[in-house]
Amino acid sequence: MTAPAPFAEIWRGPFLESIHSGHAVICDTTGQIVEAWGDHDAIVLPRSSSKMIQALPLLRSGAADAFGLTTEQLALACASHEGAAIHTGKVGAWLTGLGLTDDAFRCGVQETRDRAVLEAQIRAHEKPCQIHNNCSGKHAGFLTLARHLNAGPDYVQPDHPVQQACLDAFEDVTGETSPGFGIDGCSAPNPAASLHGIARAMAHFAGAADGTPEARLHQAMRLHPDLVAGEGRACTELMRATGGKVALKTGAEGFFIAILPEKGFGIALKAACGTTRAAEAAIAALLVRLGALDANHPATLKRMNVPLKNWRGIQTGILKPAAGLL
């Protein structure tokens, strides 16, 4: 196994204090590796970075068109949202359109990350619901597919037709037989693959012709970056910073993917330490490397060359991507 490559450095004054390392792959639309760092054969769990793959059966089955899903709903099916009103309002309307309630979800209750919503709930002595879960859009997609397939309500079970369709799609676009799965934070199975396989899948999305399920999904993400994550989040801000030319999606434990349709590239990376700041620095650096992101854009500077300040506001160091990524 190849050792992880340096991703990000933390400097305190003149001292290199810490180094984040990881694995990264850039693939072209043929599935071949253009560039790689660390171990491209590492077996990984892509976590929420694979949501656009999990949404593929929604379109391939005809369910999305049968239920008249909008581009906003397709973006939410790929989202890890903040639980802000803009997210829960649209997911709630989707659920109502299915004739279902919050109880139909199997993602679990999660406290909203949106401060305004949280403060309003506290004042009203209200508790969060499953709709506030960052994966509720994906689960609304699962419920739609389950309804279309006339399948049962426990749609997160690995042997359920919904999850079997997701696994088939995953193995199709990664070009691999998955060695197994882990259960994600939202209770759905999360299949594993090699990092090369995930990058190959993202390149497959990048090369998809207009009108195909893959193209419709990454176009929806790029059209509605505010729904994919939320204000202040890397996915939303960096997609905006690329002018909507790149689809981005984070995943738990330091995962990130990028789909670059104009360049025909797919990126997958995993911070070995599982930290978000390492993954965000790395994806920003690779997008700059490929000419898809302005190094001096404010959204880029929030993830690259980030000043580190102490409690008095004094800059004590800097977080910057490793030179090998640039």
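# Strands, cysteines and a helix pair

Analyst: Let's start with a pairing: Glu35 in β3 is the bridge partner of Ile26. This is a predicted model, where local features need pLDDT of at least 70 and side-chain atom pairs pLDDT 80 or more, while totals for chains, interfaces and linings use all residues. Residues are numbered from 1 along each chain as its sequence is written, and side-chain values use heavy atoms, without hydrogens or water.

User: How do you know that β2 and β3 pair?

Analyst: Four bridges link β2 to strand β3 (residues 33-37) in the antiparallel sense, and pairing takes at least two DSSP bridges. Both are strands (DSSP E runs of at least two residues; helices are H or I runs of at least four, all numbered from the N terminus). In their hairpin, four residues lie between the strands, and Gly31 has a positive phi near 90 degrees.

User: What makes β1 and β10 partners of β2?

Analyst: Strand β1 (residues 5-12) is joined to β2 (residues 15-28) by seven bridges, and the two run antiparallel. Ala5 sits opposite Gly22 of β2. Two residues separate the strands of this hairpin, where Gly13 takes a positive phi near 60 degrees. Strand β10 (residues 265-271) is also antiparallel to β2, with seven bridges; there Leu269 is the bridge partner of Ala24.

User: Why are Cys129 and Cys273 called partly exposed?

Analyst: Cys129 has 32% relative accessibility, so it counts as partly exposed, the class between buried (under 20%) and exposed (over 50%), with a 1.4 Å probe and protein chains only. Cys273, at 40%, therefore counts as partly exposed too.

User: What makes α8 roughly perpendicular to α9?

Analyst: Helix α8 (residues 161-174) packs against helix α9 (residues 195-206) at about 90 degrees, with the axes 7 Å apart. That angle is why α8 is called roughly perpendicular to α9, a class that spans 65 to 115 degrees. Phe170, Val173 and Thr174 of α8 make the contact (heavy atoms within 4.5 Å) with Gly197, Ile198, Arg200, Ala201 and His204 of α9.

Key: Axes are lines fitted to C-alpha atoms, for helices over the stretch in contact, and angles run from 0 to 180 degrees between N-to-C directions. Angles under 35 degrees count as roughly parallel, over 145 as roughly antiparallel, 65 to 115 as roughly perpendicular and the rest as oblique.
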